[in-house]
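Subject: Structure handover

Hi,

Here is the structure for you to look through. My notes follow below it.

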Amino acid sequence: MNAMNIDRRSFVILSALAAASAVAGRRADAATPAQSIAATGGPDGIAWDKAPCRFCGTGCHVRVGVKDGKVVAIQGDPLADVNKGLLCVKGYHVGLALYGKDRLTRPLLRKNGRLEPISWDEAIEVIAQRVMAAPEKFAIYGSGQWTIPEGYVANKLMKGGLSNNHIDPNARLCMASAVTGFLSTFGVDEPAGCYEDLDKCDVLILWGNNMAEMHPVLFSRVIDRRSQGEKVTLIDIGTRRTRTTEYSDHYLEFKPQSDLAIMNGIAHLLIKNGTYDARFVERFCNFRQAPKDPGSTPTAPLNGDAMTFEAYKVALAPYTPEHVEKISGVPAAKIRLLGELFGRRDLRITSVWCMGFNQHSRGTNANRLCHGIHLLSGHFGKPGDAPTSLTGQPSACGTAREVGTLCHFLPGGRVVANPEHRRESEKFWNLPEGRINPKMGHHTVLMFEKFCTPTAKGGDIGTLWVQVTNPGQSLPNLHKLFKAKKGLEDKFLIVSDVYHTASTELADLVLPSAMWVEKNGMFGNSERRTQQWFKMVNPPGDARDDCWQTIAVARKLFERGHPGLKDKDGKFLFTIKNDAGQEVPAWDWKHYYDVNVDKALFEEYRAFSRDKHKDLAPYDEYVKSRGLRWPVVQQANGSWRETKFRFSEFDDPYVRKGAEIQFYHSVTKDDKAQIWFAPYEKAAEEPDAEYPFWLCTGRVLEHWHTGTMTMRIPQLHGAMPHAYVEMHAEDAGERGIANGETIAVKTRRGELKLPVWINGRARVPRGSLFIPFFDPRLLVNDITLGDIDPISKEPDYKKCAATVFKVRTAEAFRASSVEKSL
Amino acid sequence: MSAPEPNSYQKGAWLFGAILFTASVSGYFMGLRQTGSQISMTRPVSLVTPDSERQAILETNFVPVAVPYARQDWLRNGVNGQWQSRVATLVQPTPHPVTQTNVTEEQRGQALLERSTRRAFDGAPPRVPHPIAQDSSAACLACHGLGLAVKDKIASKISHAQYSSCTQCHVPSGGTELPTSEPSLLAPIVANAFVGATPPLQGSRAWPLAPPTIPHPTLMRSDCLSCHGPRGLFGLRTPHPDRQSCLQCHASDAGLEQQIFSSAASEHPASARR
């Protein structure tokens with residue numbers, strides 16, 4: 001009877017749903033056809049598993065609901081320490097990223113100008129032929145979205161197999177200045193603190209960082225403390241008013257590039273008022289400045305020259321609050337406020353930054369100065385007292401920085417220029433001595449410049465394989481660095497991706513990839529947390545793992561007799577064994593999942609992590625956890641313990657007892673960090689009479705980077721359908737420009753037509769423009785600058801000179817009426 | 001001789017004018033009546049008049065009582081007569097707790113469907129069906145902080161008040177409302193084939209009259225009355241709002257909560273495939 005009863009009830013409800021669906025269907029989301037509700041009915045049969053989110057570097061854990069071989073639901077993972085059950089709108093909809101209708105499902109080769117389907121065997125053969133013909137002209141452009149094993153195999157293939165260091169990830173475009181900032185200050189990369197700093201700080205300073213939109217879950221972690229009755233002071237130091245500003249206690253609007261002067265102003269006040277932490281500086285810090293002779297050694301620009309405290313004081317003397325006000329436009333009283341806050345010992349101060357400092361023509365210096373004011377004031381090494389950089393990609397730390405997929409790195413914080421590091425790496429990889437090339441490869445901007453330059457004119461990159469990223473949209477100055485490839489007959493672009501993108505438009509070979517939970521994976525987030533997930537659904541059609549693609553090409557090169565693909569004993573470089581010790585032909589897709597290739601590769605890679613005390617635990621520890629923060633150190637009882645606060649005795653097992661703070665990878669080998677002096681310098685391009693506006697680019701909450709995934713998610717696209725240019729109302733008024741009107745924005749690189757948004761989500765000051773870069777139809781990078789920081793080689797996307805003008809009304813009208821008639 | 005003709009023209013013009021006038025006047029008032037709502041409720045919510053005096057007046061056989069002009073706003077006639085301009089009074093007192101609400105299965109089904117139109121899958125944060133202030137979340141809580149019902153529009157009460165950055169998860173379905181001159185930019189680039197999890201139909205009952213278990217996870221749903229209270233969708237309302245301690249009788253389901261998570265391999269349904 002009972003069962004009958006429930007069946008009847010279900011039937012009635014289902015009937016009602018079906019009947020009502022016809023009425024309500026017109027309002028239903030395209031992604032939720034009303035019929036589907038009647039078709040399934042109830043959450044039964046949904047299998048849940050954990051995974052880190054596919055999008056930003058925060059590293060939230062989600063729970064992925066799978067039914068009938070498809071992802072059907074996402075939950076914030078309540079057991080995850082990072083997000084504690086909360087996600088952002090992108091995270092909640094991450095499952096939809098798999099189901100854009102135009103997923104790539106077959107390898108495509110360009111024949112007579114058109115991309116035509118070919119088999120995987122042919123595709124792998126084509127790549128192998130290109131590499132064999134000119135291994136030194138082959139380059140791989142990777143990603144901070146590579147999983148750790150994907151980045152590891154690509155790195156090993158290039159540096160260990162082909163003795164070719166032309167491998168660089170897109171993290172060069174977003175994190176390189178943070179890396180050089182950490183390296184030159186602490187001697188080792190990545191933040192010392194962790195997200196717990198956000199829970200403990202009394203003051204949070206956001207340096208050019210719209211955290212409410214870019215790292216929403218971390219932002220909530222701070223502001224939700226207020227709901228619990230806690231007091232936390234937010235200081236937004238930015239170049240435009242954003243959602244973050246609305247939550248802030250103070251808003252300091254500075255002129256682009258003058259952040260350098262503001263930080264020097266803070267240091268000046270700490271010295272002048274005698275409120276710097278003399279004990280901390282005496283015990284734990286040295287002073288550093290730019291080298292007199294930057295060309296003396298390859299590391300001279302990074303490590304600089306020693307400086308006395310007296311010389312440091314003299315260098316800071318000009319940065320009075322009044323002088324800083326003149327440069328930055330921030331009132332002297334506000335500079336004093338910052339100086340006083342840093343001078344207080346009773347407050348915990350955390351600084352966060354992301355692209356504002358990093359995509360900066362003096363990005364390394366901006367990072368150094370921020371570390372410097374924290375060290376000088378002793379706001380370091382205690383929970384809540386931390387300078388912390390945030391990352392934009394899910395594994396910029398894990399794959400780009402730790403695996404060392406940059407053109408000068410080897411895994412585990414080693415560099416190709418160091419003979420000892422090369423020897424160690426050759427030993428780990430069982431390679432003959434001298435296999436690894438000591439010469440740094442091409443960094444991203446140079447790599448694309450060379451690829452887009454005819455071979456006869458010195459363009460020494462002939463074949464470029466792009467994995468898990470979209471340089472056709474994200475590189476700066478696209479006409480020069482990407483679109484110039486068009487028509488260069490001897491250049492060959494390979495793109496592995498899940499959708500057609502701005503990059504596949506010029507690709508000669510397109511490979512369909514598996515994404516996220518369609519494969520096993522590991523990421524490393526902003527707070528040194530390494531995360532793991534298992535494959536949960538099958539990729540569509542003939543799409544395959546990027547990791548497999550690289551191994552398959554490596555195997556083909558091995559079979560064709562390339563000597564580099566053999567180790568010292570003549571064995572294939574990527575020999576994968578199962579638990580029984582038998583070799584598994586992982587290059588054969590049929591057998592790729594016979595064994596957990598990720599686990600095998602991670603266990604091999606893990607050996608590299610000890611040298612810089614970035615110890616990684618065995619793979620299975622990550623299976624059990626929601627990520628672990630390195631160094632993960634084995635305890636006497638055999639368990640594995642993560643480290644939250646590096647260099648601090650109370651938490652870091654590698655700090656000598658009694659040391660309190662120990663920078664055990666110090667540049668100066670004396671366990672001390674470096675406080676840098678760096679002057680304010682002008683931006684690479686500043687507004688003038690011809691181009692009177694500053695142009696800044698960036699992101700929005702709903703879309704992730706180039707929008708290839710999020711623009712295909714109806715809920716996200718529906719909320720933010722297209723890019724726009726932000727402009728001040730008075731600037732628009734003077735030019736007779738109305739809200740929503742399409743205008744032209746022009747720089748020395750090109751021109752872009754797009755709608756104006758006045759007093760919208762964010763407000764730029766007079767003389768400033770802002771354009772987000774997510775929209776593939778409105779490529780702001782057609783007009784960005786592309787000048788790089790001399791040390792980190794990271795481009796400045798935040799500052800260039802632009803002008804605007806009205807598009808002829810008739811032309812705009814014609815364009816819109818044509819669209820309507822379509 | 002030509003005099004009658006202007007007359008008939010005049011008459012015609014007058015007649016036409018009269019028709020036009022009638023049509024526009026009646027059209028205007030009909031237009032006022034059409035308070036079209038973006039939220040189509042299963043059943044309209046009637047305003048509960050906060051002013052007990054008015055009730056008293058109405059009960060005395062509608063005999064008008066002279067009141068000061070300053071307080072006459074609620075006595076205005078016409079379609080909007082009952083509308084009030086004082087925002088504070090828009091927040092209605094909770095209906096009397098013993099008000100019984102009996103929901104049919106059809107109404108529940110319709111409410112679930114209504115709910116699903118704003119979500120990519122069951123459990124996704126609902127999209128905002130109206131324009132929002134793009135630069136701040138402060139305005140959200142003016143209506144959603146305590147919940148608000150005006151005519152047939154309901155602003156449901158926030159069910160996770162500890163979170164304060166509303167727009168982090170809830171985005172408008174109508175885009176930026178930017179009057180863009182390029183309509184082509186509003187069209188989706190590519191369609192999406194995702195099919196989301198559907199809402200649970202009902203909890204389980206140990207026997208026919210036992211209190212049902214909660215058929216959904218409770219994470220971020222710490223206030224049951226947000227959905228099941230008097231300002232929830234009609235089909236989802238509790239039949240006994242007088243009972244305040246929901247979890248006393250309705251147990252959550254550990255399987256749905258996903259709060260207990262062991263390290264056992266069985267926790268990874270996909271790991272069998274590795």
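Start with chain B. Buried residues make up 20% of its 274 residues. A residue is buried if 20 or more other C-beta atoms lie within 10 Å of its own, exposed if 12 or fewer, and partly exposed in between, with C-beta atoms placed from the backbone. Chain B has 8 helices and 2 strands. Along the sequence the pattern reads α-α-α-α-α-β-β-α-α-α. Helices (H or I, at least four residues) and strands (E, at least two) are DSSP runs, numbered from the N terminus. Of the contacts in chain B with a separation of 6 or more, 73% are between residues 24 or more positions apart. A contact here means two residues whose C-beta atoms, placed from the backbone, lie within 7 Å.

A word on provenance. This is a predicted model: local features need pLDDT of at least 70, side-chain atom pairs count only at pLDDT 80 or more, and totals for chains, interfaces and linings use all residues. Residues are numbered from 1 along each chain as its sequence is written, while chains are lettered from A and ligands numbered from 1 in the order in which they are written.

Helix 5 of chain A covers residues 148-161. At 1.5 Å a residue, its 14 residues should span 20 Å, and its end C-alpha atoms are 18 Å apart, which agrees. The expected span is 1.5 Å times one less than the number of residues. Is helix 5 of chain A enclosed or open? 14 of its 14 residues are buried, so helix 5 is largely enclosed by the rest of the structure. Just after helix 5, A:S163 takes a positive phi of about 50 degrees.

**The open sheet**

Chain A has an open sheet of 5 strands, in the order 10-9-8-13-14, with parallel pairing. Strands pair if DSSP finds at least two bridges between them. At the edges are strand 10 (250-253) and strand 14 (386-389) of chain A, each pairing on one side only. The twist averages 15 degrees from one strand to the next. Strand 9 (residues 233-238) of chain A runs parallel to strand 10 of chain A, joined by 4 bridges. A:G238 has A:E253 of strand 10 as its bridge partner.

**Helices 11 and 18**

Helix 11 (residues 259-272) and helix 18 (residues 363-376) of chain A pack at an angle of about 20 degrees, with their axes 10 Å apart. Axes are lines fitted to C-alpha atoms, for helices over the stretch in contact, and angles run from 0 to 180 degrees between N-to-C directions. The two helices are therefore roughly parallel to each other. The cut-offs: under 35 degrees is roughly parallel, over 145 roughly antiparallel, 65 to 115 roughly perpendicular and the rest oblique. Helix 11 passes helix 18 in a left-handed crossing. Left-handed means that the near helix is turned anticlockwise from the far one by less than a right angle; clockwise is right-handed. The contact includes A:D259, A:L260 and A:M263 of helix 11 and A:N365, A:A366 and A:L369 of helix 18.

**Strand 32**

In strand 32 (residues 768-772) of chain A, 5 of the 5 residues are buried, so the strand is largely enclosed by the rest of the structure. A:S768, A:F770 and A:P772 point one way, A:L769 and A:I771 the other. Strand 28 (residues 693-698) of chain A pairs with strand 32 in the parallel sense over 5 bridges. Strand 29 (residues 725-727) of chain A pairs with strand 32 in the antiparallel sense over 2 bridges. A:L769 is the bridge partner of A:L695 and also of A:M727.

**Loop residues**

Most residues other than glycine have a negative phi, and most peptide bonds are trans. Some entries to check against that:

- A:W516 has a positive phi of about 45 degrees although it is not a glycine. A:W516 sits in the loop between strand 19 (509-512) and strand 20 (521-524) of chain A. It is buried, with 27 other C-beta atoms within 10 Å.
- A:R528 has a positive phi of about 70 degrees and is not a glycine either. A:R528 is in the loop between strand 20 and strand 21 (529-533) of chain A. It is buried, with 28 other C-beta atoms within 10 Å.
- The peptide bond from A:W630 to A:P631 is cis, with omega near -5 degrees. A:P631 lies in the loop between strand 24 (628-629) and strand 25 (633-634) of chain A.

Best wishes
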